[in-house]
Amino acid sequence: MTEYANKLILLLFPLCGFALLTGGVLLRRRLADRVKDFKWVSGVVVDSIKGSSGGLNGDTVFFPVVEYYVEGRRLTVVGGVGYGKRKREGHNLVVLYSPMNPTDSVVREGYYYPAEMALMIGGAIVAGCIWFAYLISIS
């Protein structure tokens with residue numbers, strides 16, 4: 001590889017890492033703002049919906065259907081994260097819902113997953129770049 005290509009790679013990796021970190025922080029904040037006035041209630045898994053992971057291999061995943069009650073009214077919500085195995089029916093999960101519109105709800109487990117993944121991957125890339133820069137500096 002040319003020296004120019006090496007420098008470009010050394011520049012792109014940290015930039016991608018910082019972009020993922022920044023995106024993760026902004027997404028986490030946006031998700032938190034969406035549910036900041038929501039209340040929580042314990043819900044029960046009553047079913048699962050079979051779907052695709054959406055990844056390259058298209059693995060089968062199961063999205064839990066959670067039943068919860070607000071002021072005596074029975075409501076359901078489908079979890080936003082799919083699992084490789086079905087959640088056991090009767091399993092308790094926390095549901096966050098809007099007091100103004102209780103049908104506007106999310107399952108808390110996995111709600112922040114996209115932001116957490118961006119933060120973890122971005123952090124790993126930045127840490128790897130720092131470690132690589134350190135190794136270069138001592139050689």
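Reader: Which residues form a nonpolar patch on the surface, and with about how much accessible area together?
Author: In this predicted model, a nonpolar patch is made up of Tyr-4, Leu-8, Leu-11, Leu-12 and Leu-15. Their accessible area together is about 520 Å².

Reader: Is Leu-11 buried, partly exposed or exposed?
Author: Leu-11 belongs to helix H1, which covers residues 3-34. Its relative accessibility is 47%. Buried requires under 20% and exposed over 50%, so Leu-11 counts as partly exposed.

Reader: Why is strand E4 largely enclosed by the rest of the structure?
Author: Strand E4 comprises residues 92-97. The strand is largely enclosed because, of its 6 residues, the number buried is 5.

Reader: Which strands pair with E4, and over how many bridges?
Author: With strand E1 (residues 39-52), E4 pairs in the antiparallel sense over 6 bridges, and Ser-42 stands opposite Val-94 of E4. Strand E5 (residues 105-107) also runs antiparallel to E4, with Ser-105 in E5 as the bridge partner of Tyr-97. The pairings of E4 are therefore with E1, over 6 bridges, and with E5, over 3 bridges.

Reader: Is Glu-67 buried or exposed?
Author: Glu-67 lies in strand E2, residues 60-70. Its relative accessible area is 16%. The cut-off for buried is under 20%, so Glu-67 is buried.

Reader: With which side chain does the side chain of Glu-67 make a polar contact?
Author: Leaving aside residues up to four places away in sequence, Glu-67 touches Gly-43, Val-44, Val-46, Arg-74, Leu-75 and Thr-76. The polar contact, at 2.8 Å, joins the side chain of Glu-67 to that of Arg-74.

Conventions: Residues are numbered from 1 along each chain as its sequence is written. This is a predicted model: local features need pLDDT of at least 70, side-chain atom pairs count only at pLDDT 80 or more; totals for chains, interfaces and linings use all residues. Side-chain values use heavy atoms; hydrogens and water are left out. Buried means under 20% relative accessible area, exposed over 50%, partly exposed in between (1.4 Å probe, protein chains only). Helices (H or I, at least four residues) and strands (E, at least two) are DSSP runs, numbered from the N terminus. Two strands pair if DSSP finds at least two bridges between them. A polar contact is a pair of N or O atoms within 3.5 Å; within protein, one must be able to donate a hydrogen and the other to accept it, and residues adjacent in sequence count only if both atoms are side-chain atoms. Contact means heavy atoms within 4.5 Å. Patches are made of residues with over 30% relative accessible area and no salt bridge: like charges are joined within 9 Å, nonpolar side chains (Val, Leu, Ile, Met, Phe, Trp, Tyr) within 5 Å. Accessible areas come from the Shrake-Rupley method with a 1.4 Å probe; for residues, only the protein chains shown count as cover. A salt bridge is a side-chain nitrogen of Lys or Arg within 4 Å of a carboxyl oxygen of Asp or Glu.
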